[in-house]
Amino acid sequence: MGQNVFLPVVYAQNNPNMAVPDEASVTLSFSNADIESVASVLAKATGQTILVDPKVKGTINLISNRPLSKSKAIDAFSTALRTSGFALVDVNGVYRVVPEADAKLISNSVSTGKSKQEGDQIITRVFKLNYESANNLLPVLRPLVSPNNTINAYPGNNTIVITDYASNIQRIGQLIESIDAPITSDVQSIKLQYAIATDMATILSKVLDTSSTGGNEPALKTMILAEPRSNSILVRGASAERVRQIRVLVARLDVPTANNGNIWVVPLKNAEATKLAVTLRAIVAADASLSAQIGATPGQTGVNNPANSAAQQAIQQPNTAPGAAGSSAATSALTSSSNPTTGGIIQAEPATNSIIITASEPLYRNLRHVIEQLDRRRTQVYIESLIAEVSSSNAEELGIQWQGIVGSGNQNVGFGGTNFTNSEGQIGSNILGLGSNVNNILNPGNQTGVPIPPAPGLNLGLLTKFNGTYGMSALVTALATTQGSNILSTPNLITLDNEEARIVVGQNVPIITGSYAQTGSTTTVTPFQTITRQDVGLTLRVRPQVSDNGIVKMQIYQEVSSIANPLFPSGIILNKRNIESNVLVDDGQIIVLGGLIEDKYNDGSNGVPFLKDIPIIGALFRSDAKSRTKTNLLVFIRPYILRDKDQTADITNNRLDLLQKTETQFKQAPMLLPKEKLSTISDLEPPLIPPGKPVAPAESTAPAPTKPNNLPSSGLTKPIPVRPSAAPEFGAPVPVTIQ
């Protein structure tokens, strides 16, 4: 241990019993001095209590060239401790010297605003952010905090908590104040006079640089929004200069068109050109102001009136959609329902799915506004259906039959007995029918005639010789049957909003509807049969309609059919159960469509009157049968609204995972032959060319494309996880984001 040197402390007052004021000067001179000794001397000089942790061992150098106040002396002491890996912590007015790693656990000095503490003391401060995100700012500040101290973000109230030296926290606080500032540019509106807002937004998204830095941070992107109602452009930029550049560009583009023609081509993104053209022609025919713009008066009639021609074309438009009357949906070809239209000021071009408008610019602007409202991305609906059928059937039969002859050798012979047949009408359950097989029973190797099989179940018989001939004199039959079935079907399908979808899983069975047979040798007509085919199995037809508030209206037809008896003499018997209904369901909710709950009980008894009712003995004179059938059939359905590609991908991945789990559970039967290499869903080859974002031509006047927003287990018992959608409401303008 080196020599400790302490210079005298000079007080402003010579009375040692008086408190030492802060203005008292203290001169420090410690060279290679023990920390505990320095803390003891400094405590006496400043009037403070300083405790040294037993884990603190070592020496420090502390020299001041001029006198210091007591607060400055404490700060100098904490700085010297920091160079040796220790820290000075203020705990309720008592200073503690602890290792630097333990300081953050001992310090109880917490502040939410600017602290008066300075120097190298360990404190904790809470920074509440007003504009920036705490999680985003955390990686920027973490390298500035001392290695043994901590910094954490709490997203709940957007705050950052830092435990570090007071001097370092002050520096970090100044950095946070400069970063946590509002965006310099607000949202500005640019009114267009000649151009169309959606066209202008599309052009700006292509001209401006979309590869600038900023990542996915909205604050660092230039946001451009087309507002069709007022024909304006809404702009929010990361800087005022960026917004100024956009304004200059818009001013140069918002000029009258140099084209003197009156033909306009509008490519469509989502709607079908032929159907939309019919709607537009009907609007022109019904609106007097639009009719006046194309040179027709509201009351004008005649074949040459363009408005009347448009209305007639709208009414006489043929229905060539797939599955129309006279064609089978399962066998007809998928032909396009879009045919080129001629005549009128509005024509459809199905090859490019475009609308051609021949009109003046004011009329074109009115029609273009209607097209923008109708040509929107349509939502899709994923529909899960569950058909649960559970049935059980129990039946029991017990019968005792006997036959006998009274007397022999006389002219008259008495005969008596009972004779019953089971509920199925089988000959083998009757004592007389089964008795015709006595010779076959006694001589199995010498059978004569067609043998009659005994009834199912237990059959106990007694053969007796009557006048040298054997016959069956007693028969006891007993049968108990139990049958059950549990059928669970989950047909799923996906379709566009307000478009019908159909799924059929089953067989296409031929049914004979008529026949002609040759009855004489003179006729020349060839025998023939007429056959019609019918789908037998599971059929689901749904037409969903999505409302603005997330409610799905569905027109549903559900059918489950099966073949009951394919060998029926008069033809095939089909079991058929169907439901046809219209329901309202919330997005992702399950609803029961209907079903059948049936409990059927039948019993019967055949016997000799009066004798069958005798207790115990009466069983010798009767045959009993009873059966009970329970059937539970319920149909459930649940729709999922898919507003963007992310939700569609969630549904697809969920179904793929389910299929992969089913494949892993499949095991090939053990055989002597080697096992086969089966194909699995994981063998699906990736596309040769990765899918890319379509790029519209530069001269295109199409509406701005919809930008997807960041955001539907097997069966219906567990909802499919779907990320919440942030898609805009129907009719809302579509934003275009430029980084």
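Biologist: Are Trp264 and Tyr364 buried or exposed?

Modeller: This is a predicted model, so the answer rests on computed values. Buried means under 20% relative accessible area. Both Trp264 and Tyr364 are buried.

Biologist: How are the rings of Trp264 and Tyr364 arranged, stacked or edge-to-face?

Modeller: The ring centres of Trp264 and Tyr364 lie 4.2 Å apart. Planes under 30 degrees apart count as stacked. The planes here are at 5°, so the pair is stacked.

Biologist: How many residues apart in sequence are the parts that Trp264 and Tyr364 tie together?

Modeller: Trp264 sits in strand S13, residues 263-267. Tyr364 belongs to helix H11, residues 361-374. The pair therefore ties together parts whose separation in sequence is 100 residues.

Biologist: Tyr382 and Tyr640 also form an aromatic pair; what is its geometry?

Modeller: The distance is 6.3 Å centre to centre, with 35° between the planes. Planes under 30 degrees apart count as stacked and over 60 as edge-to-face. The Tyr382 and Tyr640 pair is tilted.

Biologist: Which strands does the pair of Tyr382 and Tyr640 tie together?

Modeller: These parts are 258 residues apart in sequence. Tyr382 is buried at 7% relative accessible area, and Tyr640 is buried at 4%.

Biologist: Which helix holds Asp199, the salt-bridge partner of Arg368?

Modeller: The closest N and O atoms of Asp199 and Arg368 are 2.5 Å apart. The pair links distant parts of the chain, 169 residues apart. Arg368 is in helix H11, while Asp199 is in helix H6.

Biologist: Is Arg368 buried or exposed?

Modeller: The cut-off for buried is under 20% relative accessible area. Asp199 has 13% and counts as buried. Arg368 has 0%, so Arg368 counts as buried.

Biologist: Which residue is linked with Asp199 and Arg368 in a network of salt bridges?

Modeller: Asp199 and Arg368 form a salt bridge. Their network also includes Glu372.

Biologist: Which residue forms a salt bridge with Glu559?

Modeller: Glu559 is buried, with a relative accessible area of 9%. Its closest N and O contact in the bridge is 3.9 Å. The partner of Glu559 is Lys576.

Biologist: Which residues does Ser561 contact, leaving aside its neighbours within four places in sequence?

Modeller: Ser561 is in strand S23, residues 551-565. At 10% relative accessibility, Ser561 counts as buried. Its contacts are Asp535, Val536, Gly537, Asn575 and Lys576.

Biologist: Why do the buried residues of helix H4 lie on the same side?

Modeller: The buried residues of H4 are Ala134, Leu137, Leu138 and Leu141. They lie on the same side of H4 because they cover an arc of only 120° around the axis.

Biologist: What do the buried residues of H4 pack against?

Modeller: H4 spans residues 134-141. Its buried residues pack against strand S8, strand S9 and helix H5.

Biologist: How much accessible area does the nonpolar patch with Leu611 have?

Modeller: Leu611 lies in the loop between strand S25 and strand S26. At 34% relative accessibility, Leu611 counts as partly exposed. Trp402, Leu611, Ile614, Ile616, Ile617 and Leu620 form the patch, and together they have about 550 Å².

Methods
Residues are numbered from 1 along each chain as its sequence is written. This is a predicted model: local features need pLDDT of at least 70, side-chain atom pairs count only at pLDDT 80 or more; totals for chains, interfaces and linings use all residues. Side-chain values use heavy atoms; hydrogens and water are left out. Patches are made of residues with over 30% relative accessible area and no salt bridge: like charges are joined within 9 Å, nonpolar side chains (Val, Leu, Ile, Met, Phe, Trp, Tyr) within 5 Å. Accessible areas come from the Shrake-Rupley method with a 1.4 Å probe; for residues, only the protein chains shown count as cover. A salt bridge is a side-chain nitrogen of Lys or Arg within 4 Å of a carboxyl oxygen of Asp or Glu. Helices (H or I, at least four residues) and strands (E, at least two) are DSSP runs, numbered from the N terminus. Buried means under 20% relative accessible area, exposed over 50%, partly exposed in between (1.4 Å probe, protein chains only). The arc is that of the directions from the helix axis to the C-beta atoms. Contact means heavy atoms within 4.5 Å. Rings of Phe, Tyr and Trp (its six-membered ring) pair if their centres lie within 6.5 Å; planes under 30 degrees apart count as stacked, over 60 as edge-to-face and the rest as tilted.
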